[in-house]
Amino acid sequence: MTRSVWLKADGDVGDWESRKERITAGLEAGVDWVLVDEADVAQVRELGDVNVAAFRSDADLVEDAEPDGATADAYIVGKNGEGDGTVDLPPDFSGSADLSTLRRDDDRAQGAYVRIFDEDYEAFAEAAAQDGDYTIVVGEDWTIIPLENLIARIGDETDLIAGVTSAEEAQTAFETLEIGADGVLLDSGDSDEIRSTCEMRDAAEREHLDLQYAEVTAVERTGMADRVCVDTSSLMEHDEGMLVGSMSRGLFFVHAETAESPYVASRPFRVNAGAVHAYVRSPGGGTQYLSELTSGDEVQVVDTDGDTRETVVGRVKIEKRPMFRIQAAVETEDGTDRIETLLQNAETIKVHTHEGRTAVTDLEAGDEMLVYYEDVARHFGEAVEESIIEK
């Protein structure tokens, strides 16, 4: 599931300068959507590149008649209507003006905004979800129960967006029923709160891997090979690195060059990842060959606890260097499996053992290295159910 952060910046926030300040903070923090009044769409477009959703002020307005630059990416019904309680809900939802606009086949609206006052409004949100790409729900005297009910009842036909006022509430929304809302609509002008909410979104999307230790069975000099350094566009922490290996089912944890050394300065943006043939794990569980990485590609960064994040490749350096072949034995449900990789013969390349960061030049048979093992075959980096022999 891809999570999103929406920022509420309509007329309820204040005058245009107040709204502009909030939107600018959202752009800097990395929000996915800004929700504004229809009249502000063109001004938001001038501030930066972001998805713009607009409260539909006139359901009879024809989109094609709008001036250039003033068209939103999505239109939302419900403000000053039935969705926010300005207009009473009809006894029969078939008579709803908001739902009628949403159900039109001319794309006049793509989503609904519903304040949850009671069970009738929960039902109204469910009805809106049947036709809307986006269903925004805001709790009044919020309890988690309405959100739980909607998550349980609404399927994949809509993105459920929960209204929140803080990063803490956003975390709860993302974690509710272990499924969570697809996104949150943040109503806050605090730049720190906006940034923290975006961080909560990123954390909710991150994959966690179960790393394990494998016993080193051989460390051998292999001569020269084309070695790849992956330089990323973000700094890595001391316990972070990448997963690389000659066999896609078993990848070795290699530390980023964050440690100071008497030989070279630290390079906390770099992982000396091994030979060109090796795999590196990418976001979403795929793999790429090191030789294929280029500037702008995304790779996965992982820490020693198995928590992951995405980062962008800034450049790739390939040079001929002397190498080690490292072989290890992984205990599996079916017995012992052999995995291996090639890493440069240099003191600055660190792997992770029970003793912590260990230079590959100090690695010996019998040591235990941190690895990620996944008993699957891969075709063009994607897991497949077939028999592949790697040796």
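Modeller: Let us begin with pairing: two strands pair if DSSP finds at least two bridges between them. The model before us is predicted. In it, strand β16 (residues 308-332) and β17 pair in the antiparallel sense over 10 bridges.

Biologist: How many residues lie between β16 and β17 in their hairpin?

Modeller: The hairpin formed by β16 and β17 has 2 residues between the strands. Across the pair, Val330 is placed opposite Asp337 of β17.

Biologist: Is strand β5 mostly covered or mostly uncovered?

Modeller: Strand β5 (residues 111-116) is mostly covered, with 5 of its 6 residues buried.

Biologist: In which sense does β5 pair with strand β4, and with strand β6?

Modeller: With strand β4 (residues 74-77), β5 pairs in the parallel sense over 2 bridges, and Ile76 stands opposite Gly111 in β5. With strand β6 (residues 134-139), the pairing of β5 is parallel over 6 bridges; here Tyr113 faces Ile136 in β6.

Biologist: Through which helix does the chain cross from β4 to β5?

Modeller: The chain passes through helix α3 (residues 97-103) on its way from β4 to β5, and this β-α-β crossover is right-handed. Another right-handed β-α-β unit is made by β5, helix α4 (residues 119-129) and β6.

Conventions
Residues numbered from 1 in each chain as written. Predicted model: local features only at pLDDT ≥ 70, side-chain atom pairs only at ≥ 80, totals over all residues. Heavy atoms only, no water. Helix = DSSP H or I, 4+ residues; strand = E, 2+ residues; numbered from the N terminus. Buried < 20%, exposed > 50% of the residue type's maximum accessible area, 1.4 Å probe, protein only. Right-handed = clockwise from strand over helix to strand, strands pointing away.
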